[in-house]
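Subject: Structure handover

Hello,

Here is the structure you were going to look at. My notes on it follow below the display.

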Amino acid sequence: MTRLRWLVPTLYIIFLMLPIYWLLNMSFKTTNEILGGFSWFPAEFTIESYVKIFTDPTWYSGYINSIIYVGLNTVISVSFALPAAYAFSRYRFVGDKHLFFWLLTNRMAPPAVFALPFLQLYSALELFDTHFAVALAHCLFNIPLAVWILEGFISGVPREIDETAYLDGYSFPRFFTKIFMPLIGSGIGVTAFFCFMFSWVELLLAKTLTSVEAKPIAAVMTRTASTSGYELGLLAAAGVLTIIPGAIVIYFVRNYIAKGFAMGRV
Amino acid sequence: MLELIDVGKRVEGQDHIRDVNLSFDEGSLNVLLGPTLSGKTSLMRLMAGLDKPTSGDIRVNGNSVVGMAVQKRNVAMVYQQFINYPTLTVYENIASPMRVAGADAANIDRKVREAAALMKLTEFLDRVPLNLSGGQQQRTALARALVKGADLVLLDEPLANLDYKLREELRVELPRIFAETGAIFIYATTEPHEALLLGGKTASLSEGRVTQFGPTIEVYNRPSDLITAQTFSDPPMNIVPMTKTGSVFVFAGKQVPVSGDLVRLADGPYKVAIRPHHLMLHAPAGESLELEVTVSTTEITGSESFVHVETMGERWVTLTHGVHRVEVGDRISVYLDPRSFFVFDNQDRLVAAPSQDILPHEDLASASAGHG
């Protein structure tokens, strides 16, 4: 029995990695080979798809646009959620618990519901097709999430630390930036990661609120149909490149995420 | 000088602090003594300015400080929990109040090293607090309070979570170290013997009220009422309702002849409180009252024994030196000496206390040896 202990995890990892391997495999094949038949390895190994993505502006600008609005959204979400989470954790005010729950319910609404009002509103405000429009729209679900995660981390810090700082003479802004933020650094890291992730994978709002100037990579990928059909190799390469940023971020915050899970907030 | 005038604090319709009047002199050592939830921490938070009183006034040198920001008051506070800045090194933790005040680096360095040496932290200055033992963490907090040079130093059961040895050591050192700074030193504790060891003045607290404030030894020897007497006794005093008629106390059919001050008391019902170490298991030399009791439990700590006994529905506890071998259920005799009686009237006010020339030192010795 014990000799077969490796079996289950191995099978699990194989099933888990198979689609990703297949994507990687496809990205190094030509479209003809992909359509031609089944093969475990690329017969004609080519990096042409990648070259195309990195040289064609319609492709790489998709990545740049995505990174801009995702970064913008992460910064906005965390910097607005931080004071909010502090208030929810430290102060008691009328309806605080209801407000906190209501904030969470925002995450339950499907983004599609908000697509039309956002589109109309942003068009009226001439925000349509800007990075800012998408970043702002994504705050809809990212700020509640960020408040929720950060509140957990902040409540883990004893209130007496705040008081000790005041007794030592720290003003609130100085205490918050010098003492408090480093203290919940891992929480901020985890929060930023989740904001990044959810904004990065969100397609509907990003696609609806942009046309040319701020078109995200996911939207670019859906428009690769050409006269010769879909360019599958190119799509696969774009897919691989879409996974990479998330993988990099996850590598850096992997320890903090475990901590967040332990606190029951992630 | 710090004065509290008719200070009260209500939280959600509940009185946490009621009608507190206290005044503390500069350079004085004061103890707040009371059981858990008696309002020690609430009172300290009011004095520090972390909370605002709902009534009354708090004055420093005659000027009201109610509503003044914590940052503007020169106060240091150490909590029962070990509170330090986890992201800063021990050195930076201690230096923190001086850094905020904008002291120059050389001055900070000198003071931090001085305080660290006093608190035996010199070799840990580069570590972060969470890598230290509990005792070292609390000493870091104490060192930070020390370098601040505050006018008011509040220590809220600072040694409660420390191990025995360290507690003994710091209890002796702390008042001495802070006395040199000339600050008003206020120390909260639940333990009567800690108050006795610290000396100075004691304010006894019960349910948010100060029941008595005066020199520690006086509060111990002449508690103004029953609650104060109970607060200042661990294990609790044994209370016996007695009726005085003429020159005798009548208690459960027994007559106790009284002498000295007690003779002057008016006839009527009284509550007599007897300290556990005045309930003796061996007949003393002089006159005494013998009572038959049943042993219900015994606790032996080594140098002394607590024997819990039952008599006529009352549970009493006796404290004696050495190890006493008595079995649960045994019928034994205990001896009372009327000269050790604290006598309280119907309103629980003290009317007579044991005269101190009878049992002067024994009281203190056994009380301080009490627990550890």
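In chain B, residues 24 or more positions apart account for 66% of the contacts with a separation of 6 or more. Please keep in mind that this is a predicted model.

Chain B

Chain B contains nine helices and 20 strands. Its C-alpha trace spans about 75 × 45 × 40 Å along the principal axes. Of the 372 residues in chain B, 52% are buried. The chain exposes about 16,300 Å², and 50% of that comes from carbon and sulfur atoms.

The contact between the chains

Chain A contributes 18 residues to the contact and chain B contributes 22. Together the two chains bury about 1,800 Å², with 60% of this area on carbon and sulfur atoms. On the chain A side, A:Glu163, A:Leu167 and A:Asp168 supply 36% of the area that chain A buries against chain B, more than any other three residues.

There are three salt bridges between chain A and chain B.

Two elements of chain A, helix 8 (159-168) and helix 9 (172-183), each supply at least two residues of the side that touches chain B. Helix 8 gives the most to that side, with eight residues. By class, the side of chain A that touches chain B has 10 nonpolar, three polar and five charged residues.

Backbone points to check

The peptide bond from B:Asp234 to B:Pro235 is cis, with omega near 0 degrees. B:Pro235 lies in the loop between helix 8 (226-231) and strand 11 (238-245) of chain B.

Two residues other than glycine have a positive phi, as set out here:

- A:Glu126 has phi near 55 degrees. It sits in the loop between helix 6 (111-124) and helix 7 (131-155) of chain A. A:Glu126 is exposed, with a relative accessible area of 70%.
- B:Asn61 has phi near 50 degrees. Its place is the loop between strand 4 (55-60) and strand 5 (63-64) of chain B. Exposed means over 50% relative accessible area, so B:Asn61, at 51%, counts as exposed.

Regards

Note on methods
Residues numbered from 1 in each chain as written. Chains lettered and ligands numbered in written order. Predicted model: local features only at pLDDT ≥ 70, side-chain atom pairs only at ≥ 80, totals over all residues. Heavy atoms only, no water. Contact = heavy atoms within 4.5 Å. Buried area = accessible area lost by both parts, 1.4 Å probe. Salt bridge = Lys/Arg side-chain N within 4 Å of Asp/Glu carboxyl O. Helix = DSSP H or I, 4+ residues; strand = E, 2+ residues; numbered from the N terminus. Nonpolar A, V, L, I, M, F, W, Y, C, P; charged D, E, K, R; others polar. Buried < 20%, exposed > 50% of the residue type's maximum accessible area, 1.4 Å probe, protein only. Areas by Shrake-Rupley, 256 points an atom, 1.4 Å probe, with all protein chains shown as cover.
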